[in-house]
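Morning, everyone. Let me put the model on the screen, and then we go through one chain.

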Amino acid sequence: MKKWTGLSVAWVLFWFLTACSSALSLPAASYVDLDQRVPLPTPVNSAVVPLRVAVAAVISPQGTVESYGRLLEALQTRLNRPVELVQRRTYLEINDLLEQGQVDVAFVCTSAYIAGHDKFGMELLVAPQVKGETVYYSLLLVPDESTANDIADLRGKVFAFTDPISLSGRMYPTYLVKQQGSSPEDFFGRIFFTYSHDQAILAVANKVADGAAVDSLVYEFFLARDATIGEKTRVIHRSPPFGIPPVVVNPALRPQLKLELQNFFLSLHQDPQGQAALQAIGVDRFIPIEDSAYQSVRDLLSDLQATR
Amino acid sequence: MQIHPSLRNLLQRFWDIAGGVSVRSKILGIVLGLVLLLGLGITVQVRQALTQTMAAQLAEQSVSVARDLAARSTDLILLNDLFALHRLLQETKANNQNVAYAFLLDSQGHVLASTFGETFPVDLITANPIEPTAHHRTLIFATNQGYVWDTAVPILEGQVGVARVGLSDTSLRATLTTITNQLLLTTALVSLIGVTAATFLTWILTRPILDLAQAAQAVARGDFTQRVKRWANDEIGELATAFNQMVGELAKADEIRREREILRRQLLEKVIVTQEEERKRIARELHDSTSQTLTSLIMGLKVMESSCSDLNIQLQAHDLRQIAAQTLEEVHDLAMQLRPRLLDDLGLRAALERLVKEWQMRHRLSIDLMYHVPHERLPDVVETALYRIIQEALTNVARHAQARNVSVLIEQRGEELVAVVEDDGVGFDISRIEMGDSAQAHLGLAGMQERAALLGGTITFESEIGRGTSIYIQLPIPKAEENEVENYDFARG
């Protein structure tokens with residue numbers, strides 16, 4: 001019996017030893033109690049109200065942060081006031097934010113300006129001048145290998161739209177399809193939205209889409225940064241010139257601030273920091289602009305409305 | 001080799017315990033010890049290796065999940081799509097069982113979305129700060145729910161915020177527990193097999209050894225018929241064969257010894273019988289013939305003395321008569337010493353009384369004789385042997401002991417005759433006598449023992465230098481059967 005006692009003692013000892021080592025021992029940086037929780041604090045409104053700048057999703061959100069970062073920094077320095085970048089997936093969301101006063105300044109698309117101007121009096125602040133011009137075009141892009149030379153050749157193919165109310169990305173190609181006596185839904189085999197122009201370019205370059213209409217400014221800006229895009233894509237159609245996408249403000253913005261902002265944009269090209277910021281977004285300088293610059297677009301849109 | 005005393009002490013204590021248990025326990029102990037040691041070693045090693053590998057994997061996985069989350073959340077944060085962020089975090093957690101938590105901080109370090117819901121652990125935000133330019137940073141936290149591999153990944157170099165993911169050690173612990181249990185179970189099974197095998201082995205090993213031990217004990221008791229079975233052709237089998245050979249040889253040697261012993265006994269008996277007969281004959285001769293002649297001579301000399309008138313011749317005859325009388329006395333003594341007639345005629349008691357008297361006279365000893373035997377006469381052989389033994393004992397006392405008092409006790413105890421001879425002399429060292437230091441003394445003692453042994457009795461000597469000597473004699477009283485009396489019929493002739 002004594003023998004079995006010894007045996008079981010040895011066994012218990014064995015279990016104990018292994019059980020001891022079963023407690024993990026790792027070099028922990030610190031101790032955190034995951035169950036000791038507090039309610040998340042509601043964000044406190046800081047004493048300084050930031051200037052909220054919206055950038056419409058012409059290019060992807062990440063690309064926008066990279067491109068507009070310097071410009072917003074310069075603005076922050078000039079105004080001596082924090083500047084907050086606001087982005088939304090669609091142009092209409094930006095328009096809504098402007099209308100509700102939740103955004104002070106916005107870089108919007110031409111068609112969004114027209115819609116905002118007509119709806120709640122969105123005001124032009126300045127417009128960018130690119131390569132000496134204040135116009136841009138809608139470019140019909142196809143993959144380089146594509147045999148298509150015309151919108152008619154894209155019948156039954158996959159087509160990428162950018163934003164639902166984008167002039168260059170949706171309105172103009174729709175207009176072209178209507179001229180063929182069809183509607184995009186019937187004309188193209190399949191349609192999808194990329195919500196930004198850079199994504200549409202990449203969709204064509206990667207042959208996800210057989211065709212797309214993009215903003216010429218974005219396309220050229222892209223070509224300048226990445227030459228391979230030019231090798232992978234081909235422009236088969238160029239639209240008549242459209243008024244360039246402007247910088248707009250909420251009509252209820254204080255006139256003083258509006259003036260200050262206008263001065264900032266117009267003088268931006270005069271100092272090296274400003275030039276660098278302009279270069280980052282592919283703009284020569286900002287210039288004042290009148291609503292009349294967008295008359296041709298307005299006509300096109302009303303044509304489109306009429307045929308609907 | 002020099003061994004430290006404490007180590008030697010420890011070894012000695014270990015051996016006291018290990019050496020004290022049976023072979024079965026030793027083999028069981030070795031087998032179990034080795035199996036358990038191996039099991040423990042392997043378990044610990046496997047656990048260590050597994051922990052290291054899995055910890056590294058968890059760290060890697062933590063980085064990849066965090067980077068994936070950072071990449072997928074960038075646009076959602078920029079677009080302020082909080083619901084999509086919330087869904088992304090839930091999906092991240094749902095798709096990866098190891099994810100304990102995931103959350104996103106904005107560029108100011110405020111929580112944008114987290115898997116914790118409405119509340120948030122107090123110290124978690126500040127627990128893993130990261131430089132905006134860093135690729136990622138992984139830390140191991142000890143938490144109340146086990147270890148957590150926490151990775152922080154800055155989103156767009158921190159301009160957008162930070163993605164944080166914590167991977168718990170649940171799967172690691174579960175795997176460790178499973179593996180440990182499996183290994184321990186295996187060890188237990190192997191131990192069980194080991195115990196069975198060891199028990200069987202012990203049985204195989206110890207059965208022939210126990211057989212051998214039993215047989216050896218039987219041989220020690222004098223049973224030379226014992227043979228052990230050769231169970232196997234191994235060393236123990238060799239031992240069994242050698243043992244059987246040895247027992248065979250021992251049996252032969254014992255047979256020879258036995259025969260020699262019988263021969264020796266017979267020879268001794270014959271010698272003693274012949275000696276006693278010769279003594280008796282000489283004593284009788286001295287008594288009957290020589291004594292008669294001497295008496296005649298004395299009578300003649302007396303006649304001559306009284307009948308002769310010559311004074312010279314008268315004196316000479318007187319002297320001669322004196323000499324003849326003295327010679328007669330001496331012849332009497334001699335006959336008496338050779339074989340007292342009293343022993344044959346009146347028995348042991350009378351013979352001993354006479355012997356004692358004579359010894360007292362001759363050696364100036366005080367001898368106290370106590371004789372308590374109910375029988376009038378004992379068998380001749382017993383009487384003769386006891387007489388001779390006591391005679392030898394008293395001779396020794398007279399020669400060596402320098403004693404003043406001697407007591408001789410003879411009594412019957414049951415079927416035994418017990419005699420004790422004690423003196424208050426100088427004593428002697430028994431061991432030295434028995435070692436053959438003094439050949440003659442040894443021979444004397446041995447002669448007494450032989451006499452007693454011939455009758456199936458024993459003699460015990462007790463002595464110490466300066467404290468006297470005691471001799472205990474035990475003799476069985478033989479039943480007076482005819483053939484036996486015939487055998488020992490030397491006393492009465």
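V153(B) stands opposite A163(B) in strand β6 of chain B, residues 161-168. That pairing belongs to β5(B) and β6(B), which run antiparallel and are joined by eight bridges. Strands count as paired if DSSP finds at least two bridges between them. Strands themselves are DSSP E runs of at least two residues, and helices are H or I runs of at least four, numbered from the N terminus.

A word on the source. This is a predicted model: local features need pLDDT of at least 70, side-chain atom pairs count only at pLDDT 80 or more, and totals for chains, interfaces and linings use all residues. Residues are numbered from 1 along each chain as its sequence is written, while chains are lettered from A and ligands numbered from 1 in the order in which they are written.

Back to the hairpin. Five residues lie between β5(B) and β6(B). In that turn, L156(B) has a positive phi of about 50°.

Now the other neighbour. Strand β4(B), residues 137-143, runs antiparallel to β5(B), with seven bridges. Here F141(B) stands opposite V148(B).

Buried means 20 or more other C-beta atoms within 10 Å of the residue's own, with C-beta atoms placed from the backbone.

Contrast helix α1(B). None of its 14 residues is buried, so α1(B) lies largely in the open.

Last, the whole chain. Chain B has 13 helices and eleven strands. Of its 493 residues, 28% count as buried.

Conventions
Buried ≥ 20, exposed ≤ 12 C-beta atoms within 10 Å, placed from the backbone.
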